[in-house]
Amino acid sequence: MAGVWKSFTDRVGPLFTWISTYLWIIWFILLTVLVYTIRPLKALSSMNLAMFLNTLTPKFYVALTGTSSLISGLILIFEWWYFRKYGTSFIEQVSLNHLSPWLGGSENGNNNSNNQQTTSECKTWRNPLNLFRGSEYNRYTWATGKDPLTYYDMNQSAQDHQTLFTCDSDSTRPADDIMLRAWRERNPQNRIKAAREAYELNAECATAAVLLGEEELTTILEAEKMFRHALKAAETNHKKSQALQHHGPTQEKIHRRDLNTLVYVKRRLAMIMRKLGRTKEAVKIMRDLIKEFPMVSMFQIHENLIEALLEMQLYADVQALLAKYDDISLPKSATICYTAALLKARAVCDKFSPEIASKRGLTTAEMNAVEAIHRAVEFNPHVPKYLLEMKGLILPPEHILKRGDSEGIAYSFFHLPHWKRVEGALQLLHCTWEGTFRMIPYPLEKGHLFYPYPSCTESVDRELLPSFHEVSVYPKKELPFFILFTAGLCTFTASLALLTHQFPEPMGAFAKAFLASLSAPFSFLVEKLESVIPSSLWHQLTRL
């Protein structure tokens, strides 16, 4: 049902947008026709104007104000829907995109540079703790009828798979050629069918086993068997290509592909061990991977290792790992910042009391813990609501946006048990996390401990997260001016219509007096023009 409604709104939305775009033109044309029909130039004298006003009945004012209220209400509803869906005002966007170039074209260069900066800020990263499609995401779909992954997210994954598991020479080998087409296929069933064909053609095709283990098998135990088979094939292929990698650019690309496949398979096996409760085996595989392939940083294996060590409550090992990766020269993540805050909170939270702290002040250790929490919240302000269970969690996406709601979901989904295990940690977080926003300077472009918070996170998170999830937005956007304006206009005209309907005589007299006062300057101007312009010319103008 959700998919049908989404497809319906996707079809009707552009039509509604088109109608709203030209509603202003239609209104202007109708206004022009009305002015031409009334011919106010024919009623130039104040006497004719007074006679015209006297002929207007209260029903006319009710119809006028009621129609104005209806039109402004429709515009308000559309503006509110557009703001909730896209995070901006439709009228404001049309003005900037279509009117600004007419008024001044020099801003195009600045807009292009801002777009480039936004694109770099809004780079998506592969979720290091992403789930298995066949055994986890698909089972959720079967149970609830909801799709936890968006098309944009799966399209990003398809591009990643093509980068990791394909090379130019794949077309010379039948099984790899089939997998080349499989990784490019967007339909899940066609992908699985092609991978099964490649696997039957060559059982030693490691990439075919990877795709089947990720997407076809419906349990973690079945996925483990497939990935162990893929590991044997990947190790064999890696040894062969490693001996030939210096024989030319083609062999070097093949070796890079085999290396990526080997690291990927080992990492996924470690994650399977972690899911099956064999955490020691998982930690051993991850440590061996970091030691054997220290330059392969795209998989962010250290974040998997941090989560596994927290599960084993090896906090000293976690601290040693943070000392290596929580460096100013390395990119930060919610896992790094919030794990550092958890370790510092763990040292003081068992004895922490807000009442006592407010009386005697914070100790040095408590101050360090609070500062670490403030640092983490500034990096990603979406996480605390999920950790404190103020907002419901959903399955994490396959890609995340750092400092966005998608990263907050991915971190909290796996690390919430670790915070609950440390007694008092969530209480300390609850007491201190909102104080972060008093430390961040306003406007937010200045930043505090990190770079300024990017303004594009909401739009990217809406692409990454499913439609049934209410995206967390930071900073909260103020309502656009046109929504407030149309809301006020709708309320004012509706009130006038109601008052005119209930009290027709007084409101009619008030309207006539108001229109007469408005027309007084116009009548004065017409009289001056009559005294200046020759009567013959004026007569010709009135006949237009």
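This is a predicted model: local features need pLDDT of at least 70, side-chain atom pairs count only at pLDDT 80 or more; totals for chains, interfaces and linings use all residues.
Colleague: Which element gives the largest share of the lining of the second largest cavity?
Modeller: Residues are numbered from 1 along each chain, and side-chain values use heavy atoms, without hydrogens or water. Both α7 (151-165) and α10 (206-216) supply at least two lining residues (helices are DSSP runs of H or I, at least four residues). The largest share, three residues, belongs to α10.

Colleague: How much space lies in the second largest cavity?
Modeller: A cavity is a set of points on a 1 Å grid where a 1.4 Å probe fits but cannot get out, and lining residues have an atom within 4 Å of a point. Here the lining includes R126, H161, W183 and E398. Probe spheres set on the points fill the volume, about 70 Å³.

Colleague: How many charged residues line the second largest cavity?
Modeller: Its lining has five nonpolar and two polar residues. Asp, Glu, Lys and Arg count as charged. R133 and E214 are among the lining residues. The charged count is five.

Colleague: What is the volume of the largest cavity?
Modeller: The model has three cavities of 30 Å³ or more. Among the 13 residues lining the largest, P128, E303, T335, I400 and E407 are closest to its centre. Its volume is about 110 Å³.

Colleague: Which helix has the highest mean pLDDT?
Modeller: Helix α5 (residues 107-121) has the lowest mean, 44.

Methods
pLDDT is the predictor's confidence in each residue, from 0 to 100. On a 1 Å grid over the protein atoms alone, a cavity is a set of points where a 1.4 Å probe fits but cannot get out, and a pocket is an open set with protein on both sides within 12 Å along at least five of seven lines; lining residues have an atom within 4 Å of a point.
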